[in-house]
Amino acid sequence: MKKNLSIVMVVLLGLAWYVTLSAWIGNEKKYNDMMAEARRLEEKGLYLDAVGQYEEAKGVKGETLELEEHIADAYLAMGDYKEYRKKLNAIISAFGPVERDVVKLYEFTKENLSEDSVIDLVSGLYEKYPDSEIVTQYYDSEKGKYVERACAYERIYDFAGSYAVYEQEGKKGLLGLDGKPAVEAVYDEIGFDGKDTKSIPVRDGEDCFFINSKGYKTKAPEEAYAFIGIVSQSRIVAQKDGKYGYLDRNFKPKTEFAYEEATPISEGFGAVRKGGKWALIARSGELITDFIFDDVARNSKGLCSVNKMAAVKQGDVFFFVNEKGERISGQVYDGIKAFESDAMCAVCIGGKWGYVDQEENRRIDCVYEEAKSFTNGYAAVREKGIWGYIDENNYMAIRPVFDDAGLMTEDGVAPVCHGGTWTLLQLKVMD
């Protein structure tokens, strides 16, 4: 009995396989016939009918990459470019960034549509598929596209937040990201750190006082100072009788005025110079170190302390120290540009500039004539006397065409110079 049952099971299993195989063979033949008919229709130029055949074939095989690509190609052949792009986008969404389809979509967009459309395409693809080699390749090729604002000034300094100091006819004011003056250039000096828009220090002749971002005077010290700086950690660098010291935000002295130079306080410390040598100084006014350094690197805001590190010089070499003035560098450099943020800073070895991170890992070899520290994914570098911009992978995103170039903002704006005229660069592709 068991033997007979086993035979029956084998027969039923074989029958099931036979039915399945027969159905598969039948479907395969039906599919091949549909594909042959679609190709025949295409040869006659009946592309819309061919699309219908491909759609029917999806009922047999499902939505395969092959069928979707045939449909896209048919739309292209019939001149229905809207449906062609729509289908390619659908293919990429369904099957991922298949290289041949990404190439088709990119090349069609670049040849037939605007530059802004190309930028929108690659930006969108990169946001979804940052690990795709072909997408990254196209993104890198477009990311350096930019326009220059219709503005021209004698000098534009680096942006701090939404404003940059600019110079015109020997006077200084504040410039917005759009290239339009926010504060007219009427002052001898003006400073801004990107934070306190109500306490912007200016010097007008012999008078020093604060204004707001609309240009209105907000407060002034009772005593006369030759210079007052930004408010940083409730401390203000000021100059009186040819010497520098620190005030609080109410203009009350917090140190003696005994220094030849001083930096703003940041992260609890700054630096002061006396007798030609530099020392680190605490927010309290107490010296952290003796006057043992020959120089201290300062960034675009005048700060020596970023990431609780300072780049100092002793003799012929630069190295990093911590907030206690203790050396933390395992190596020395010919030069260091202070950190602007938590991104890489520029260092010089053997007369050439490259980049290190906060742990002093060499991220970009020292190969450039000159360089500025990274901000928002870009850094200005100089080759053969001309400035351009690299990204953090050392890709020359903006080829060297400028006589000088400043820091890149998070809005993709940077001051650049042609000859003696400064204007603003605006990236079209934003990271």
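Author: Strands S6 and S7 are joined by two bridges and run antiparallel. This is a predicted model, in which local features need pLDDT of at least 70 and side-chain atom pairs count only at pLDDT 80 or more, while totals for chains, interfaces and linings use all residues. Residues are numbered from 1 along each chain as its sequence is written, and side-chain values use heavy atoms, with hydrogens and water left out.

Reader: Happy to start there! Why are S6 and S7 called a pair?

Author: Two strands (DSSP runs of E, at least two residues, numbered from the N terminus, as are helices, which are H or I runs of at least four) pair if DSSP finds at least two bridges between them. S6 and S7 have two bridges, so they are a pair.

Reader: What makes S6 and S9 edge strands?

Author: Their sheet is open, with four strands in the order S6-S7-S8-S9 and antiparallel pairing. S6 and S9 (217–219) each pair on one side only, and that puts them at the edges.

Reader: Why do S23 and S26 each have a side without a neighbour?

Author: They belong to an open antiparallel sheet with the order S23-S24-S25-S26. S23 (370–371) and S26 (396–402) each have a single partner strand, so one side of each has no neighbour in the sheet. S23 pairs with S24 (residues 378–383) over two bridges, in the antiparallel sense. Ala371 has Val381 of S24 as its bridge partner.

Reader: What makes the 30 residues a nonpolar core?

Author: A nonpolar core is a set of buried Ala, Val, Leu, Ile, Met, Phe, Trp, Tyr and Cys residues joined through side-chain atoms within 4.5 Å. Buried means under 20% relative accessible area, against over 50% for exposed and in between for partly exposed (1.4 Å probe, protein chains only). The largest such set has 30 residues, and Tyr54, Val102 and Leu125 have the most contacts inside it. Among the helices that supply at least two residues each are H1 (2–43), H2 (47–61) and H7 (133–143). A second, separate core of 14 residues includes Val306, Met309, Phe320 and Val356.

Reader: Which residues does Tyr54 touch?

Author: Counting contact as heavy atoms within 4.5 Å, Tyr54 touches Met35, Ala38, Arg39, Glu42, Leu67, His70 and Ile71, leaving out residues up to four places away in sequence.

Reader: Why is one space called a cavity and another a pocket?

Author: On a 1 Å grid over the protein atoms alone, a cavity is a set of points where a 1.4 Å probe fits but cannot get out, whereas a pocket is an open set with protein on both sides within 12 Å along at least five of seven lines. The whole structure has one cavity of 30 Å³ or more. The largest cavity holds about 40 Å³, and the largest pocket about 1200 Å³. These volumes are the space filled by probe spheres set on the points, with grid points joined across faces, edges and corners.

Reader: How many nonpolar residues line the largest cavity?

Author: Lining residues have an atom within 4 Å of a point. Ala, Val, Leu, Ile, Met, Phe, Trp, Tyr, Cys and Pro count as nonpolar, Asp, Glu, Lys and Arg as charged, and the others, Gly among them, as polar. The cavity lining therefore divides into eight nonpolar, one polar and no charged residues. Its lining includes Cys304, Ser305 and Phe339. In the largest pocket, the lining has 26 nonpolar, eight polar and 13 charged residues.
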